[in-house]
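Good morning, and thank you for coming. I would ask you to keep the sequence and the structure in view while I speak.

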Amino acid sequence: MKKRFALVALAAAALALPFAAQAHRAWLAPSSTVLSGAEAWVTFDAGMSNGVFIADHAAMRLDGLTITAPDGSALEAQNMMRGRYRSTFDLHLTQQGTYRIANLSSGISATYKLNGEDQRWRGSAAEFPAALPAGATEVVATRNANRIETYVTLGAPTDSVFTLKGEGIELVPVTHPNDLVAGEAATFKLTVDGQPAQGLTVTIARGGSRYRDNPEEMTMTTGADGAFSVTWPEAGMYWVNAQVRKPAQGTDVATSAQYNGSLEVLP
Amino acid sequence: MRSLPLILTAAGLGLAATPALAQSLSVAVEIPRIASASYHRPYVAIWIERPDQTAVQTLAVWYDIALPAGEGKDWLKDMRTWWRRGGRAMTMPADGISGATRAPGRHTVSIPAARLRSLPAGQYLMVVEAARELGGREAVRVPFRWGGPNTANATGSTELGAVRVTVAR
């Protein structure tokens, strides 16, 4: 009996720890990343699920979709469709160079008590805390910045779309993300709010997990300059994730930032 | 057409021979502790197979039985081999078979002799298959003999540890 109780307690502790990790994985997957010719089309799938790029759980809302062309202009997605398990859209590439396709969300999420009952609030940083009802107590707020993105290139790769925005986690290429080959090493730097992100845990998962028994995930940690390197074990579409949380300090609310990127590795 | 007489024979034998064949069967399964930021207990199925890999009987299925609306059944199919070899023809939850997922550690399943009354003596395989959310899948096969005391072992390498089958009088 005693032994069984100990097991239950251990399991409860294991469940309680990684609460943030319970969320499903968000992915934005391009149909191609390396294209040639005067113009080309790429179609994208966006969803959330346990197995990356496997549309079996929930479609992604694309309210924050931001597409940047090589010349810095913003492009519109076409043929937007939200299905049960994935959202899709098309992009017409008419300029040579690298495009950045990102679904961004930022704002404040808060919990509070009103007349003894638990309430939730979500909105922009500018509205907070004025938008909370008078009499709200025990306000616990988190400033979120999430970036779900991928990159595609028509012709030769360019770097113009990688200028830092300075919010949340961003990827700064050392190796161009549309120049990845199986068996070769690639290096990227991560920044948090524009500063090199040291000690971030990076999770890398290859698509197609349904067709093998081992998930074959990799985890690594960024160095002092925010850089991490990976030697791609084989060709495929890879999901790259990093997240960081900072507790509230003085008048600053807690922050939570997440990066989810899709990178294609060719044979 | 062939299976009908076999079942009749087995049932007849079982009735006649129960006292002499009152063997018991137990399977000890080790679920390894896995360091993961998002660890979920594995789904596990345990069943008996003939040497030609056809399934005889499912002994245990551990899954998220407590989730509302039977939602835990959505991932039974991830125990892919069991699902194809018989799981998909069963209804869950099943009395005396299904149970909650288990924490890392050693767990023993004891099968009362009455439930194996129709199992003819011979060589079989005990199959234990584990599938974990955001993890991998592994099946471990342990050959054993039904019809006299014996023990047999095998060890998994990723999702399962040691598996021990014990047939006792």
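Let me begin with a pair of strands: strand S1 (residues 24-31) of chain B pairs with S5(B) in the antiparallel sense, over seven bridges. Two strands are said to pair if DSSP finds at least two bridges between them. Within this pair, B:Ile31 stands opposite B:Gly105 in S5(B).

A word on the source of what I report. This is a predicted model, in which local features need pLDDT of at least 70 and side-chain atom pairs count only at pLDDT 80 or more, while totals for chains, interfaces and linings use all residues. Residues are numbered from 1 along each chain as its sequence is written, and chains are lettered from A and ligands numbered from 1 in the order in which they are written.

How many bridges pair S8 and S9 of chain B? Strand S8 (residues 150-155) and strand S9 (residues 162-168) of chain B are antiparallel and share six bridges. One bridge sets B:Ala154 against its partner B:Val163 in S9(B). S8(B) and S9(B) form a hairpin, with six residues between them.

Chain B also has an open sheet of five strands, in the order S4-S3-S2-S6-S7, and its pairing is mixed. Strand S4 (98-99) and strand S7 (137-146) of chain B stand at the edges with a single partner strand each, so one side of each has no neighbour in the sheet. Strand S3 (residues 55-62) of chain B runs parallel to S4(B), and two bridges join them. In one of these strands, S4(B), B:Gly99 is the bridge partner of B:Trp62.

Taken as a whole, chain B has two helices and nine strands. Helices (H or I, at least four residues) and strands (E, at least two) are DSSP runs, numbered from the N terminus. Of the 169 residues in chain B, 26% are buried. A residue is buried if 20 or more other C-beta atoms lie within 10 Å of its own, exposed if 12 or fewer, and partly exposed in between, with C-beta atoms placed from the backbone.

I turn now to chain A, which has one helix and 19 strands. Among its 267 residues, 32% count as buried. Its C-alpha atoms fill a box of roughly 65 × 50 × 40 Å, taken along the principal axes.

Finally, consider one residue of chain A. A:Glu170 lies in strand S12 (residues 169-173) of chain A. Why does A:Glu170 count as buried? A:Glu170 counts as buried because it has 25 C-beta neighbours inside 10 Å. Neighbours within four places in sequence aside, A:Glu170 is in contact with A:Arg147, A:Leu164, A:Lys165 and A:Thr191; contact requires that the C-beta atoms of two residues, placed from the backbone, lie within 7 Å. A:Leu190 is 20 residues away from A:Glu170 along the chain, and their C-alpha atoms are separated by 5.6 Å.
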